Amino acid sequence: MHGSGTGSEGEPTNGSGVDQEVLALERELAVFLRRARAQSGEMAREVHPELEPAAYGLFVRLDDAGPQRATDLAGYFGVGKATMSRQLRALEDLGLVARDPDPADGRASLVRLTEEGRNRFRRVRDARRGRYVRKLADWDRGEVAELARLLHQLNARSES
C-alpha cells in the first residue's frame, strides 16, 4: 500500500503517522468549532445587534467569574490590552458592562455585567441551553455525561 503504514499499535495511518481515529477527531472538532464560532456571533447579536462575536465569550466569563480586571480578561482570552479595551468600551457604550474601582487597588477597575447586560446574556444563554437539551433529548444520559467528561479531559490537557 503506497502512502500508508501502520501506527505503533498496528493501526492504519495516513502516511504521516497519524491514526484514522485522530484524523476523524480532528475533522469533527473542526466542524464543531466552525459551528461554535458562527453560533457565538449569532448569540452575541441576540444579546445586542451591534455586538461582535467575541463579546459573547466576555459575557460568559463575567457571568461565571464575576467582576474582573481588563488585563485579566485580556490574558484569559489571549488578546492584547488594546483589543480588550476596545471591546469593553463598546460594551460600556451599550450599557452592558460597567467599571467599578478595584477595592484591592484604587488605580485599577473591575469590569462587571450591568443588570441589563446580565439579563440579556442570560436570556440568550438559557435559549442556547434549551437548544442543547432538544438536540440531545434522544441521547442516553450516560452518553451525555461521557461526552462532557471527555471534552473536560481534552480541555484540561489543552490548558497545560
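What percentage of the 160 residues in the chain is buried? Buried residues account for 23% of the chain. The model is predicted, and its mean pLDDT is 88. The secondary structure consists of six helices and two strands.

**Architecture and confidence**

- Read from the N terminus, the elements of the chain follow the order α-α-α-α-β-β-α-α.
- Of the contacts in the chain between residues at least 6 apart in sequence, 41% join residues at least 24 apart.
- A pLDDT of 70 or more is reached by 89% of the residues.
- Over residues 1-8 the pLDDT stays under 50; for this stretch the model has 13 contacts beyond four places in sequence.

**Packing of α2 with α3**

- Helix α2 spans residues 54-65 and packs with α3 at an angle of about 115°, the axes being 12 Å apart.
- The crossing of these two helices, α2 and α3, is right-handed.
- On the α2 side, the contact is made by Gly-57, Leu-58, Arg-61 and Leu-62; on the α3 side, Leu-73, Tyr-76 and Phe-77 take part.
- By class, the residues in the contact of α2 with α3 are five nonpolar, one polar and one charged.

**Packing of α3 with α4**

- Helix α3 covers residues 70-77 and helix α4 covers residues 81-93; the two pack at an angle of about 115°, with their axes 9 Å apart.
- Angles of 65 to 115 degrees count as roughly perpendicular, and α3 and α4 are therefore roughly perpendicular to each other.
- The crossing of α3 and α4 is right-handed.
- From α3, the residues Ala-70, Thr-71, Leu-73, Ala-74 and Phe-77 meet Lys-81, Met-84 and Leu-88 of α4.
- Sorted by class, the contact of α3 with α4 comprises six nonpolar residues, one polar and one charged.
- Leu-73 and Phe-77 of α3 are listed in the contact with α2 and also in the contact with α4.

- Leu-94 is located in the loop between α4 and β1, the latter formed by residues 97-102.
- With a relative accessible area of 26%, Leu-94 is partly exposed.
- Leaving aside residues up to four places away in sequence, Leu-94 touches His-48, Glu-50 and Leu-51.
- Leu-94 and Leu-51 are separated by 43 residues in sequence, and their C-alpha atoms are 9.2 Å apart in space.

Technical notes:
Residues are numbered from 1 along each chain as its sequence is written. This is a predicted model: local features need pLDDT of at least 70, side-chain atom pairs count only at pLDDT 80 or more; totals for chains, interfaces and linings use all residues. Side-chain values use heavy atoms; hydrogens and water are left out. Axes are lines fitted to C-alpha atoms, for helices over the stretch in contact, and angles run from 0 to 180 degrees between N-to-C directions. Helices (H or I, at least four residues) and strands (E, at least two) are DSSP runs, numbered from the N terminus. Angles under 35 degrees count as roughly parallel, over 145 as roughly antiparallel, 65 to 115 as roughly perpendicular and the rest as oblique. A crossing is left-handed if the near helix is turned anticlockwise from the far one by less than a right angle, and right-handed if clockwise. Contact means heavy atoms within 4.5 Å. Ala, Val, Leu, Ile, Met, Phe, Trp, Tyr, Cys and Pro count as nonpolar, Asp, Glu, Lys and Arg as charged, and the others, Gly among them, as polar. pLDDT is the predictor's confidence in each residue, from 0 to 100. Buried means under 20% relative accessible area, exposed over 50%, partly exposed in between (1.4 Å probe, protein chains only).
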